[in-house]
Amino acid sequence: MIPEINIKDFTYFLPDERIAKYPLPERDSSKLLEFKDAGISDHIFRDLPSLLPSDAMMVFNETKVVPARLHFQRVSGAHIEIFCLEPGSPHDYVSNFAAVGSCQWKCIVGNVKRWKESESLVIMNPGADKRVDGLDLRATLIRRDGETSIVEFLWKGDFDFSEVLDICGTIPIPPYLNRDTQDIDLERYQTTYALQRGSVAAPTAGLHFTAKVMDEIKDKGIAIEKVCLHVGAGTFLPVKSESISGHTMHREPFVVTVEFLRRLAAHKASGRPLIAVGTTSVRTLESLYWAGVQCIETGELRDIAQWEPYECRCVHSVQDALDALISYAGKHSLKEISLGTRIIIVPGYKLRIVDILVTNFHQPQSTLLLLISAFVADNWRVIYDHALNNGYRFLSYGDSSLLYALK
């Protein structure tokens, strides 16, 4: 049953000065709020390894932010900003980033009404970079598709599209920072373990981790695992409907290896805790359970629908679901599972995989705040009030929290 939740019940006053506009000089010097056994304690992020259970598995999202914002110019001189969202042709990220000469993307286009279909735009080069001039990058509007557009990019030379973005694009920092991308964002709006290119927003819970913190986590005996969910621009979309039932979640693609699924299944069977780093890791891990349920009930795999967890009269255990997913991969000779998810996690959702969450502090009336409430119920208000009253910094470049799920 689709829950009827009033989004106005998930608001709080966030002064602009509490939004972190820039990262701290050191990644692991941010504040860390721990919520455990209904109690709150304050720490510094570099204390994290000492706070974690030594028998845990910790899952990180290794997606990498791409410089997906491009600035073009019409013959008239008008500026058109193009924000690449996801590959169009070739359809998969690897093939698209490897394309030479041309490719298509689904994009958000600023001033799109001033851009005629089939009209070619020329890349702007405010920095007078000779490489940009040599590429002669052009963009053509293929068609409008609701709030997005399909855009074809054409360029010269032997560069692949990944290199084209590196040369011509800028990192798309969150709109609520109210500033242009700066040099510091090239390094700091990226996790230290980022590997798989494809996100247009960072999995920001991971921005606090340093090599030293990671080493201390490993030294404690905690198993480190990686998944990949490419974060879409939809993560910034506000909930405009009064009830969450009227909100449409964006699709995000994710990939996990079958070897990881085997280790995850063994870990969950042992009853040991699972720590997710960031809401994107939560969405990936919880989606795996529902993918396994699909395998049990239909013998097939498809994208996880937004309300699937609430409409399914599920009686399957976590172990059965993960085993079914592993069996499906074996039957189809798959080394990895690649799907899309629109899952929305709101109060009342029963967590199947994740026990502990490392996450930042999120915007009022956002789907991410609803996910936090699914973890800690109404305690989110106490947690956020404590953070506001004790000098915590909020949102992407802000401070962090360590939340133990109420079960």
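Predicted model: local features only at pLDDT ≥ 70, side-chain atom pairs only at ≥ 80, totals over all residues.
1. The barrel. Six strands form a closed barrel in the order β5-β6-β7-β10-β9-β8, and their pairing is antiparallel. From one strand to the next, the twist averages 45°.

2. Strand β7 covers residues 102-109 and strand β10 covers residues 148-154; the two pair in the antiparallel sense over six bridges. As an example to find in the model, Lys106 has Ile150 in β10 as its bridge partner.

3. A helix against the strands. Helix α4, residues 161-168, lies across β5, β7, β8 and β10. Its direction is at about 75° to β5, which spans residues 69-73.

4. Two packed helices. Two packed helices are described by the angle between their axes and the distance between the axes. For helix α8 (residues 279-298) and helix α10 (residues 318-331), the axes come within 7 Å and cross at roughly 70°. The pair therefore counts as roughly perpendicular. On the α8 side the contact includes Leu288, Tyr289 and Val293, and on the α10 side it includes Ala321, Leu325 and Tyr328. Sorted by class, the contact has eleven nonpolar residues, one polar and one charged.

5. Cysteines. A disulfide is a covalent bond between the sulfur atoms of two cysteines. How many disulfides does a search of the whole structure find? The search finds zero. For Cys228, the closest cysteine sulfur is that of Cys84, and a bond is ruled out because the sulfurs are 17 Å apart, too far. Cys228 has 7% relative accessibility and so counts as buried. Cys295, one of the α8 residues in the contact with α10, also counts as buried, at 10% relative accessibility.

Methods
Residues numbered from 1 in each chain as written. Heavy atoms only, no water. Pairing = 2+ DSSP bridges. Helix = DSSP H or I, 4+ residues; strand = E, 2+ residues; numbered from the N terminus. Axes fitted to C-alpha atoms, helices over the stretch in contact; angles between N-to-C directions. Contact = heavy atoms within 4.5 Å. Parallel < 35°, antiparallel > 145°, perpendicular 65-115°, else oblique. Nonpolar A, V, L, I, M, F, W, Y, C, P; charged D, E, K, R; others polar. Disulfide = S-S within 2.5 Å. Buried < 20%, exposed > 50% of the residue type's maximum accessible area, 1.4 Å probe, protein only.
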